[in-house]
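Hi,

Here is the structure I promised to pass on.

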Amino acid sequence: MDKDCRMKWLPLLWAALRRQPARSILTLLSIAIAFLLIGAMTGVNARFSDIIERAPIERVVVSPRFGGRMPLAHMTQIEGLDGVAHASLSAVLQGSYQKRENGFFAVMTDAHTVAVHPDANITSDQFRRLEAVRNGVIMTRTAADEFRFKIGDTFPLETDRPNKEGSRAWTFRVVDIVPETEQFPARLLAGNFIYLNEGRADGRQDQIDRIDLLVSDAGRADAMATQIEKLFASSSSPVNALPERTLIAQSLEGVLNMQFLVITVCGAALFMILLLTGTVLGQSAHERVAEFAVMKAIGFSDGGVYALILIEAMVLCLAGAGLGLLAAKFSPMLAAAFLPDLPTPLITAGVAAIALALAGAVALVSGLPAAWRVQRVEIAEALGSGR
Amino acid sequence: MRTFRQFAALLDLNIRGLARRPWSSLVIVVGMASVVGVLISLLSFSAGASRTIESMADPTRAIVIRKGRTEEAGQQISREVAAAVVSAPGIKKSADGTPIASIENINLIPVKRRSDGVPLLMLVRGVGPKAFELRPEMRLVSGRMFRPGNNELIAGTAAQTQFTGLGVGDKVSLADGEWLIVGAFDSGGSVMGGQLLGDTDGLMASRRANGYGALTVRLESPAALDTLKAALESNPSLDVEVQPTGVFYANSAGEWTGWFETVAYVLGAIMALGALFATFNLMHTAVKSRARDVATLRALGFGAIPVALSVMAEVLLLSLAGAAIGAGVAWLLFNGNANDIRGRVVFELAVTPRLVAIGTAWALVIALLASAAPAIRSARLPVATALRAS
């Protein structure tokens, strides 16, 4: 085919798409929606992988093996282990401010948390200020704005733990306000373990919920976890120790079999648009038999005509996929407004590449029935039929 | 009557015509099957979880927990408080004259999910001697009952299906060593089926705990709930609250079932929109290609309304067929499949009649929305123009 002929393809393609504008637009929209689904599902999968991969490999979480609490003495033993760079303990005080719905999660911890959780963005200076005020807490900007707290304010947290004042309300003083992050969500409070430990009147002094530690050699996180489990295996309070990354992976897999959901939903969507574009292109080719006959009569090869149909299919599918991916990309904004609990898709280059490759494959396959029809066009017959 | 006869004749004609357009009919059927299938499959999670939770509801059963608690786990209730609760008014007495109450605690043990090997924590519930009398829906199906003080457990059949290593004769590791599984019980579809049961005091001793988590009691009558509430909640030294079991368990799992439902409806709605465009697209073309036939019929005296209705009825029939296929596939693939929420609640996915009805309703609404415009267009086609057009 010479260059001149190629120049005519664009108008031909444009004419083909404009032949039935309603049909082209509706097909495009269906494809876009299918790829919104595919983008959203594979994007959420990518989000999960991203969360898992960003979790520090060198952080190990130690918790009581059979639920409940473990003795503070475990901390001393763990700190003394070879290969433990930093270890920080915590006990959680769950409670609410004014109303039950205003729940807060107070993590009562120690200064080592600054080193163990660099991703929480609390500086040593900030923690020093916290330690200076026994009942101090660091809270998020989000919570401070919601309840109109400012630094220096005190407030009661209604909990289920009695304290030495004979009440279950614990008084906290805001010593700092920090931006909300993934590691420091809106309703988290960071407080002093010592305030809880010495103030509690429920007979659980010197008991903790969890120890987080950093290993000095990231490659040894798994081995360290196993070593710690063995260390306490025959104690009165055995523990679970797992690298945080494993723990996060398990908790994501613990709810939904994501892989299965992705394959089912994407499979259904793909199958459906494959049928749809195949049918629509077939219909379109059927209506244009005379047109194809003319093209063949003036010297277009079968391959040339098929290429035209294929390009038409490609344009529809790729444009639809592009629109769908864009919608998936911006869906987190919508989701954040209406459905805050849903995981948001992460449209990476990989996700986009897979979606576009699928769109290309759909275009190739769905163009086949139309191509078959074109190949069977007998020029004289088609032109003579008066269509 | 004439309108109906015309409608029936036209519908018959349309249905015969489907064979000439097998692909576009198939697209509509498959589209609806996908929407309904995905929607029902996803909803079967929350329906199954809710059914398991709802089976805990019994107006004559109540749970007593530490004031403000939302879960049974914990060691908030001392022996003295437990003893005071058991002797409170409103609790039904057993034939031997003792109250039907079970003092319980919750322990966690690591297990692996059978289907994918994911490690999870499951519940080991310590129960009192009246646990089976309190929950008559439970019955032992193999082995024998555990003997208190002997480090023995019995396993729920749902737990045995969902997790590995819980067969009768298997041993599980607890804080004080190995405990033997000596029997298996059917829970009658309740939450207990996903748990291991053992004696409360033995389990408490195993981890040197010094308090219970909760008590479940049989009430003399549904009205006795208030009697018990009044007796216990007015006493600040007990520091407990009383809730109907149905309310308590619905609150504790409601968050997850709600989440599952949101996911189902969001994905279902996106798919429905796709099917709507596809159906509208194909019917638009179908009506256009039939313009001459319709014009001929109109010229013969067929009314506009039967013409429009016949188009809509055609789409409705195709959509119903799709909905039936979608619901059938969802039922075959998922109904009765075991699942769990992070090891804590084990349940079976349930494709219930209610879900099938929801799916069918969705398909019908999509069909109506997608076919309305093409139907009206078909009916309003000027007869002369359509006949003239070659």
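How many helices and strands does the secondary structure of chain A come to? The count is 16 helices and 11 strands, taken as DSSP runs numbered from the N terminus (helices are H or I with at least four residues, strands are E with at least two).

Some housekeeping before the rest. This is a predicted model, where local features need pLDDT of at least 70 and side-chain atom pairs count only at pLDDT 80 or more, while totals for chains, interfaces and linings use all residues. Residues are numbered from 1 along each chain as its sequence is written, chains are lettered from A and ligands numbered from 1 in the order in which they are written, and side-chain values use heavy atoms, with hydrogens and water left out.

Now the overall form of chain A. Its radius of gyration is 31 Å, whereas a compact globule of 387 residues would be near 21 Å (taken over C-alpha atoms; the globule rule is 2.2 Å times the number of residues to the power 0.38). The C-alpha trace spans about 100 × 45 × 35 Å along its principal axes. Of the 387 residues, 51% count as buried (under 20% relative accessible area, with exposed over 50% and partly exposed in between; 1.4 Å probe, protein chains only). Take the contacts in chain A (heavy atoms within 4.5 Å) between residues at least 6 apart in sequence: 78% of them join residues at least 24 apart.

On to the salt bridges (a side-chain nitrogen of Lys or Arg within 4 Å of a carboxyl oxygen of Asp or Glu).

In chain B, E104(B) is worth a look. R125(B) forms a salt bridge with E104(B), with the closest N and O atoms 2.7 Å apart. R125(B) is in strand β3 (residues 119–127) and E104(B) in strand β2 (residues 101–112), so the pair ties together parts 21 residues apart in sequence. R125(B) counts as buried because its relative accessibility is 1%, and E104(B) does at 2%. E104(B) also forms a salt bridge with R135(B), at 3.1 Å between the closest N and O atoms. R135(B) lies in the loop between α4 (131–134) and β4 (139–143), so this pair ties together parts 31 residues apart in sequence. R135(B) is buried too.

Cheers
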